[in-house]
Amino acid sequence: MHLIRQRLDGGLPHKAARGELALSLPVGLDREEDGPIALSADEQVRHAIDRVFELWRRLGSARQVVISLRDEGQLLPRRTVGQRRVRWAQASYGAVHDFLTNPTYAGAFVFGRTKQRKELDEHGRLRKRTVELPVDHWSVCLPDHHPGYVSWDEYLATRERLRQNVRPKGEGGGAAREGRALLQGIVRCGRCGRRMQVVYSGTDGQASRYACLRAHQLHGTEHACQSLGGLRLEKAVVQAFLDAVTPAGVRACSEAVGELERQHEERLHGQRLAVERAQFEADRAQRQFDACEPENRLVGRTLERAWEQALRALDRERQKLSELEARQPEPLTATERQALDRLARDLPRLWDADTTTPRDRKELLRTLVCEVIVTVKDDPRRAEVEIVWEGGARTELRVPLNHRGPERHRTSEDTVELVRKLAEHTPDEQIAAILNKHGRRTGTGLPFNQSRVKHVRQKHRIPAAPPPDPDSNLVTIKQAAAELGVSAPTIYRCLRDGLLPGEQTTPHAPWRTRLTNDVRARFVPAVPDGYLQLDEAAKHLGCARQTVLHKVQRGELHAVQVTTGRRKGLRIQVNGAATGLFDQ
């Protein structure tokens, strides 16, 4: 059996290579009795699919097509695989994407668009997943195999446009959106080749800036590639665009008026087809009801409800048709056409009109501009711009940029260096408190807080303090007191007396000490033999208390700190010292 199955499976590619393999057809295409594939005989189905491709040509975004279809109330035909019955459903992104990406609608016969890939998951189990292959890897691709709704070239252009509409993670790009940056998605860095991102700033995000940041964020480069303000760049590109399209402005406006009227007629035609289908469904429901025996009420009630539902659906479709006919645009008069011609000759005024949205301007730019490659140069500071037009033509521009002048409000260098030293071990909040105790201020004369310290660090590329290392010997006063079993004032006194080594970056900064084994050995629970209190050690040595402490600090005398009992405190070793009777 497996040999027969293998031979049968082996014959599929040969039959597919000849375009004779009978595959399931999507809605809108049917197979005739003698074998050839033809467009659906249902006029409403063909109109709905044509409407999807028409909106795609105008909008260039699958999601915008879905929104437009829903605003129009246009339903889309759908069909389950293996069935001939067509059902109508509300427009969805998946449905529109299927119409745009299925090569069968372009009149092509294809085979081997996907393949099964086997992989092992994290638990060692075998998993299969379907991978979509690029066009040049399809096993069989026969354009012009049967009638289609679009041409093969238009299908390939649609695939490429959908790919460009996707925003790669970490880059700019995608379909035109509502932001003010007119070159969003089409600006490419002339240094690394990545798409540049859009950054908004200023009041209500009015100012746009194009920046290439992902190499710095993803790959750890020392600096970002480049960035520049959007105002001058957009002004130069828009001027080049207007210079290119102004001769065609008059003709485009006249065609736009006719296009509006044609689109409305298309919507009317589609709604009339919907009314016609609803009338057919109502008539069929009536015939079924009339054919039922009057005495058979079990069936009659069901058919009556179906007839009533069909009549209500017919009323809804007729109401939609009436509303569309009431909104039909009035044809322009001769005076209005003359005024429109005069306005079209001044295309910059149309571009700057309040009724022209940023999205409209972006769509206009993308009709001719394919890409804008920008390289920022210094000495003098400028942007070398290369506009890549649709069709491959290129235009080079040089856009002067603002020169970087000296900063008027700048934090002093010694303050920055102090922040650099403190940031090695101190968090921003403590750094702000230390700087304020020193009387230091920001470049604008404001006292420091956590956010201002963070701004200084980021501006001068100073890393933040790392988290405490549990394996490090360098600890804070609080940590040292907890580990040695004494109070924080005792630690401060030991620092002052020289029993502990201490570090302080600057006055008012927190003290830190290193807890080595030698330091830990100086803190004992009981008084060792030969160790005296400070006063007794001074009497025994015949010198002042301060002199004894100086000897301890210089290492000439050894001292310990007793941590428990009534006799806790500082004890100093004196050679030849005898323990008193009451010191036992």
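Modeller: In this predicted model, the contact between helix 16 and helix 17 is made by I477, A480, A481 and L484 on the side of helix 16, and by A488, I491, Y492 and L495 on the side of helix 17. Sorted by kind, the residues of this contact are 8 nonpolar, with no polar and no charged ones. Helix 16 covers residues 477-484 and helix 17 covers residues 488-497. Two packed helices are described by the angle between their axes and the distance between those axes. Here the angle is about 105 degrees, and the axes lie 9 Å apart. Angles of 65 to 115 degrees count as roughly perpendicular, so helix 16 is roughly perpendicular to helix 17.

Three strands form an open sheet in the order 10-11-12, with antiparallel pairing. Strand 10 (197-201) and strand 12 (226-229) are the edge strands, and each of them pairs on one side only. Between neighbouring strands of this sheet the average turn is 25 degrees, direction ignored. Helix 7, residues 230-245, packs on the sheet and touches strand 11 and strand 12. The direction of helix 7 makes about 90 degrees with that of strand 11.

Strand 11 itself spans residues 207-212 and pairs with strand 10 in the antiparallel sense over 5 bridges. Within this part of the sheet, V198 stands opposite Y210 in strand 11.

Notes: Residues are numbered from 1 along each chain as its sequence is written. This is a predicted model: local features need pLDDT of at least 70, side-chain atom pairs count only at pLDDT 80 or more; totals for chains, interfaces and linings use all residues. Side-chain values use heavy atoms; hydrogens and water are left out. Two strands pair if DSSP finds at least two bridges between them. Helices (H or I, at least four residues) and strands (E, at least two) are DSSP runs, numbered from the N terminus. Axes are lines fitted to C-alpha atoms, for helices over the stretch in contact, and angles run from 0 to 180 degrees between N-to-C directions. Contact means heavy atoms within 4.5 Å. Angles under 35 degrees count as roughly parallel, over 145 as roughly antiparallel, 65 to 115 as roughly perpendicular and the rest as oblique. Ala, Val, Leu, Ile, Met, Phe, Trp, Tyr, Cys and Pro count as nonpolar, Asp, Glu, Lys and Arg as charged, and the others, Gly among them, as polar.
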